[in-house]
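Subject: Handing over a structure

Hi there,

Here is the structure I promised to pass on to you. Please have a look at it first, and then read my notes below.

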Amino acid sequence: MAGALAIGACSSDGDDGAGGGDGGSSASSSGASDSASPSETALEPYVTVPAGVTLTDPGTRLYLGQRATVAWQPTKKVTAVLDLRVRSVERTTFAKSFEGWKIDKATSRLKPFFVRARAVNPVKRNLGGIDVLLWARDDEGTLVDAQRFREQVFKPCPGGTLPKTFRKGASANLCFVYLLSPGRRFDAVVFPPPNDRDPVVWKGQSPAKKAEANQKKNQKNKNQ
């Protein structure tokens with residue numbers, strides 16, 4: 001039985017509309033520094049977190065592959081804290097990645113992207129089954145929520161839900177599916193802290209990673 005995909009992503013106008021880059025960029029953690037550089041003046045935590053946890057300041061800009069520590073409240077009684085690395089942004093097509101899925105006419109006009117990330121639990125709480133909060137942002141500042149696959153696993157990009165058991169020290173590779181409107185370009189991946197704080201933003205490769213990629217490309221051309 002084929003799965004069905006209809007427009008299920010929410011979107012909203014973002015207030016951080018920095019200039020855009022297209023999809024298809026990627027970076028590993030080795031290609032960027034381990035985490036964001038600390039701000040000159042650290043902000044007060046936007047969510048109460050366990051002692052010893054330092055949240056990445058709202059408004060921090062990161063390269064793909066860099067780590068941020070973020071927190072939010074999926075329910076009134078649960079605070080989720082994660083170390084997150086957004087590793088890659090990949091442009092795909094329905095023909096390439098959604099074989100066997102029923103795509104309605106409205107959805108077929110959209111542009112699918114995969115965002116791959118890695119999550120680590122740094123706190124003594126089982127965060128199993130929680131949907132990780134990450135949004136895509138297009139070049140007009142619109143935020144797009146990830147698709148959620150509940151009835152059937154989408155093998156090319158299984159989703160952003162943590163495993164059923166996810167205790168301290170556990171890690172998981174996640175993959176988010178975003179559908180962008182026609183004519184829009186993929187700009188960044190954002191984590192939106194609560195209370196209208198500025199988002200934590202992942203965007204583009206680090207200069208070192210770009211230089212490494214160019215060096216490999218030039219070497220390959222010389223060898224041909």
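In which sense do strand β4 and β5 pair, and over how many bridges? Strand β4 (residues 67-75) and β5 run antiparallel to each other, with seven bridges between them.

Before going further, a word on how to read this. The model is predicted, so to speak of local features a pLDDT of at least 70 is needed, side-chain atom pairs count only at pLDDT 80 or more, and totals for chains, interfaces and linings use all residues. Residues are numbered from 1 along each chain as its sequence is written, and side-chain values use heavy atoms, with hydrogens and water left out. Strands (E, at least two residues) and helices (H or I, at least four) are DSSP runs, numbered from the N terminus, and two strands pair if DSSP finds at least two bridges between them.

**Around strand β5**

The link from β4 to β5 is a hairpin of two residues. Within this pairing, W72 has A80 of β5 as its bridge partner. β5 also pairs with strand β7 (residues 111-120), again in the antiparallel sense, over eight bridges. There, V89 is found opposite V115 of β7. Strand β5 (residues 78-91) is largely enclosed by the rest of the structure, because ten of its 14 residues are buried (buried means under 20% relative accessible area, exposed over 50%, and partly exposed in between, with a 1.4 Å probe and protein chains only).

**Salt bridges**

Side chains of opposite charge can pair when their charged atoms come close. A salt bridge here is a side-chain nitrogen of Lys or Arg within 4 Å of a carboxyl oxygen of Asp or Glu. The whole structure holds six of these salt bridges.

One of them joins D187 and R137, whose closest N and O atoms are 2.6 Å apart. D187 sits in strand β11 (residues 186-191) and R137 in strand β8 (residues 135-138), so this pair ties together parts 50 residues apart in sequence. Both residues, D187 and R137, are buried.

D187 also meets K203 in a salt bridge (2.9 Å, N to O). K203 belongs to the loop between β12 (200-202) and α3 (207-223), so with D187 in strand β11 the pair ties together parts 16 residues apart in sequence. K203 counts as partly exposed, at 27% relative accessibility. Together, R137, D187 and K203 form a network of salt bridges.
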